[in-house]
Amino acid sequence: MNTRRIHAFRRLVARLGLVFMAALAGCGYPGATQPSRSLGEGGRSQPRPAPASPVPSQAPLAPREPRSPLLPDGRVERLLAEVKQVRDFARSSSLRTQLTCIKDDGTVSRAKSIYKFEKPSRVFLNITESTNENVAGTRLLWTGGAEVQVRTRFIGVWVTLPLSVEDERIKDDRGYSLAQTSIPKIYDTLLHPAARLALRGETTVAGRPADVLDVVSPLSLAPTTREVFAIDRQTRTPVLREMYRGDRLIYRMQVDHITLNAPLTAADFSLE
């Protein structure tokens, strides 16, 4: 590809405004709901059986009012220990995800993706649906370094181009990079020793019961002031992450399906 075509392609990528994950979206921005049921002081409640054909949960979660201090208790510590055990055990994962970004002006962007991760930091992202239909089909490969390989359409032809992981053109509409929203960063945010957490109750995500945590972490991405995590009761993995600025939802990542220790091969990370 000559220099003129490369510059033209870069301008096209800028117009596309690629939306990619850490992951993950597309559930709209309906009104907030309360967690479905509080967990009693006697311990974790029994999970309900998941339906045979799960339907994705669509409503953002809201804090209970009045909000109690974010202080850990024994249940939170046990839950986090289970999450950490799964994080340490799983070598790879394959996910179907949804991502919603709400800009400060109220504009909502959405995308659905296939997301594959292999330790320590290899990430493959296939954007299957997007608010911007020109982005659908775009694929990204990041291996933890300074560059992301991006494959997308240019004048009807598929081309691959390396871009900086910090390039604004491949950040999501909240300005977060793939490195900032990767699976290891999600776990680091939730499990940070200085994070303050409270167990808020339970909800369902993609038809499956999950425990809801209110989180204030030193690693939350600006301008986030509070986060909500939903932890799947069966896999003990984060399947919902909501970022709030005050009481306003600005970011929502949902996992509709996850396979831990997926038998990934080189073909799973191919951009072709």
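Modeller: Isoleucine 114 is a place to start: the residue sits in strand S2, residues 108-118. The model is predicted, and local features need pLDDT of at least 70, side-chain atom pairs count only at pLDDT 80 or more, and totals for chains, interfaces and linings use all residues. Residues are numbered from 1 along each chain as its sequence is written, and side-chain values use heavy atoms, with hydrogens and water left out.

Biologist: Why is isoleucine 114 called partly exposed?

Modeller: Buried means under 20% relative accessible area, exposed means over 50%, and partly exposed is in between, with a 1.4 Å probe and protein chains only. Isoleucine 114 has 29% relative accessibility, so isoleucine 114 counts as partly exposed.

Biologist: Which residues does isoleucine 114 touch, not counting residues up to four places away in sequence?

Modeller: Isoleucine 114 touches Leu95, Phe124, Leu125, Asn126 and Thr128, where contact means heavy atoms within 4.5 Å. Threonine 97 is 17 residues away from isoleucine 114 in sequence, and their C-alpha atoms are 6.3 Å apart.

Biologist: Why is H2 described as roughly antiparallel to H3?

Modeller: The axes of H2 (residues 74-89) and H3 (residues 183-191) come within 11 Å and cross at roughly 155 degrees. That crossing makes H2 roughly antiparallel to H3. Angles under 35 degrees count as roughly parallel, over 145 as roughly antiparallel, 65 to 115 as roughly perpendicular and the rest as oblique. The axes are lines fitted to C-alpha atoms, for helices over the stretch in contact, and angles run from 0 to 180 degrees between N-to-C directions.

Biologist: Which residues make the contact of H2 with H3?

Modeller: H2 contributes Leu80, Val83, Lys84 and Arg87, and H3 contributes Tyr187, Asp188, Leu190 and Leu191. By class, the contact has five nonpolar residues, no polar ones and three charged. Ala, Val, Leu, Ile, Met, Phe, Trp, Tyr, Cys and Pro count as nonpolar, Asp, Glu, Lys and Arg as charged, and the others, Gly among them, as polar.

Biologist: What makes arginine 236 and asparagine 261 stand out in backbone terms?

Modeller: Arginine 236 has phi near 55 degrees, a positive value in a residue other than glycine. Asparagine 261 is also not glycine, and its positive phi is near 50 degrees. Arginine 236 lies in the loop between S9 and strand S10 (238-245), while asparagine 261 is in the segment after strand S11 (248-260).

Biologist: How do you know that both are buried?

Modeller: Arginine 236 has a relative accessible area of 6%, so arginine 236 is buried. Asparagine 261 is at 19%, so asparagine 261 is buried too.

Biologist: Where are the prolines that follow cis peptide bonds?

Modeller: The bond from lysine 119 to proline 120 is cis, with omega near 5 degrees, and proline 120 is in the loop between S2 and strand S3 (122-130). Alanine 222 and proline 223 are joined by a cis bond with omega about 5 degrees.

How values were computed: Helix = DSSP H or I, 4+ residues; strand = E, 2+ residues; numbered from the N terminus.
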